Amino acid sequence: MIFGRSERGKPPVEPVTLKILVAGGFGVGKTTLVGAVSEIRPLRTEELLTEAGRPVDDLSGVETKNTTTVAMDFGRITLREDLVLYLFGTPGQERFWFMWDELAEGALGAVVLADTRRLEDCFAAVDYFERRSIPFLVGVNCFEGAARYPADDIRRALDLDPDVPLLTGDARDRESVKTILIGVVQHAMAQAAQRRQTVTT
């Protein structure tokens with residue numbers, strides 16, 4: 001099957017499209033993650049960091065970073081011929097958080113990227129999705145040179161509910177990112193099924 005075209009007279013498959021948010025702190029790898037898996041050229045809204053932003057942009061742990069997302073990143077990945085994910089990367093700095101509500105509209109679920117060197121930077125994203133009952137998982141982006149911690153220690157540090165999945169991976173690696181995205185889709189589907197079951201009982 002060639003995407004969008006029929007084979008041997010078979011009607012083309014109309015794929016289900018799902019919206020997934022990629023959130024987390026400043027410099028955690030959101031733009032990198034979207035770019036690693038997108039089958040289209042990612043839409044990026046990056047601008048150079050300026051001297052004016054130094055008082056509010058904490059570069060601790062990401063001292064070499066020289067650009068930042070000011071609106072969103074957008075990409076697309078086909079997981080199966082009948083399942084397409086649209087990925088929306090949120091801006092990381094607090095001054096751009098006003099955009100999150102609009103980006104979150106209609107989202108099936110979210111990936112909260114975490115950096116073990118700066119776990120506190122993803123507290124806001126975890127809190128945001130918890131308050132709005134949007135299913136999410138935490139993806140620990142394993143930066144080179146960063147300390148590795150047991151998953152249970154990270155869960156305790158983030159005060160995650162027991163049903164929130166936590167996966168480790170590399171935002172630069174396509175297969176690693178696909179595993180994380182499949183994980184959030186499965187988690188969101190399970191949450192939806194559980195809610196339906198609760199309503200019918």
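Mentor: Before we count aromatic pairs, note that the rings of Phe, Tyr and Trp, the last by its six-membered ring, pair if their centres lie within 6.5 Å. Please also bear in mind that this is a predicted model.

Trainee: How many aromatic pairs does a search of the whole structure find?

Mentor: A pair of aromatic rings is described by the distance of the centres and the angle of the planes. When the whole structure is searched, the number of aromatic pairs found is 6.

Trainee: Which kind of pair do the rings of Trp 100 and Tyr 128 form?

Mentor: The ring centres of Trp 100 and Tyr 128 are 5.2 Å apart, and their planes stand at 80°. Planes over 60 degrees apart count as edge-to-face. The pair of Trp 100 and Tyr 128 is therefore edge-to-face.

Trainee: How many residues apart in the chain are Trp 100 and Tyr 128?

Mentor: Trp 100 belongs to helix H2 (residues 100–104), whereas Tyr 128 belongs to helix H3 (residues 123–131). The pair thus links distant parts of the chain, and the separation is 28 residues.

Trainee: Is Phe 129 buried or exposed?

Mentor: Phe 129 pairs with Tyr 128, their ring centres being 5.3 Å apart and their planes at 90°, so this pair is edge-to-face. Tyr 128 has a relative accessible area of 10% and is buried. The relative accessible area of Phe 129 is 1%. Because buried means under 20%, Phe 129 is buried.

Trainee: Which residue forms one aromatic cluster with Trp 100, Tyr 128 and Phe 129?

Mentor: Phe 129 touches several residues beyond four places away in sequence, including Leu 21, Val 112 and Phe 136. The residue that forms one aromatic cluster with Trp 100, Tyr 128 and Phe 129 is Phe 136.

Trainee: How many of the residues of strand E6 (residues 136–141) are buried?

Mentor: In a regular strand the side chains alternate between the two faces of the sheet. On one side of E6, Phe 136, Val 138 and Val 140 are buried, and on the other Leu 137, Gly 139 and Asn 141 are buried, which leaves both faces covered. The number of buried residues in E6 is 6 of 6.

Trainee: What is the bridge partner of Val 140 in E7?

Mentor: E6 runs parallel to strand E5 (residues 109–114), to which 5 bridges join it. E6 also pairs in the parallel sense with strand E7 (residues 166–169), over 4 bridges. In E7, the bridge partner of Val 140 is Thr 168.

Trainee: Through which helix does the chain cross from E6 to E7?

Mentor: E5, H3 and E6 make a right-handed β-α-β unit. The crossover from E6 to E7 is also a right-handed β-α-β crossover, and its helix, covering residues 151–158, is H4.

Trainee: Which element gives the largest share of the largest nonpolar core?

Mentor: The largest nonpolar core has 26 residues, and Phe 129 and Phe 136 are among those with the most contacts inside it. Elements that give two or more residues to this core include strand E1 (16–24), H2, E5 and E6. The largest share, 4 residues, comes from H3.

Terms used: Residues numbered from 1 in each chain as written. Predicted model: local features only at pLDDT ≥ 70, side-chain atom pairs only at ≥ 80, totals over all residues. Heavy atoms only, no water. Phe/Tyr/Trp six-rings, centres within 6.5 Å; stacked < 30°, edge-to-face > 60°. Buried < 20%, exposed > 50% of the residue type's maximum accessible area, 1.4 Å probe, protein only. Pairing = 2+ DSSP bridges. Right-handed = clockwise from strand over helix to strand, strands pointing away. Core = buried A, V, L, I, M, F, W, Y, C linked by side-chain atoms within 4.5 Å. Contact = heavy atoms within 4.5 Å.
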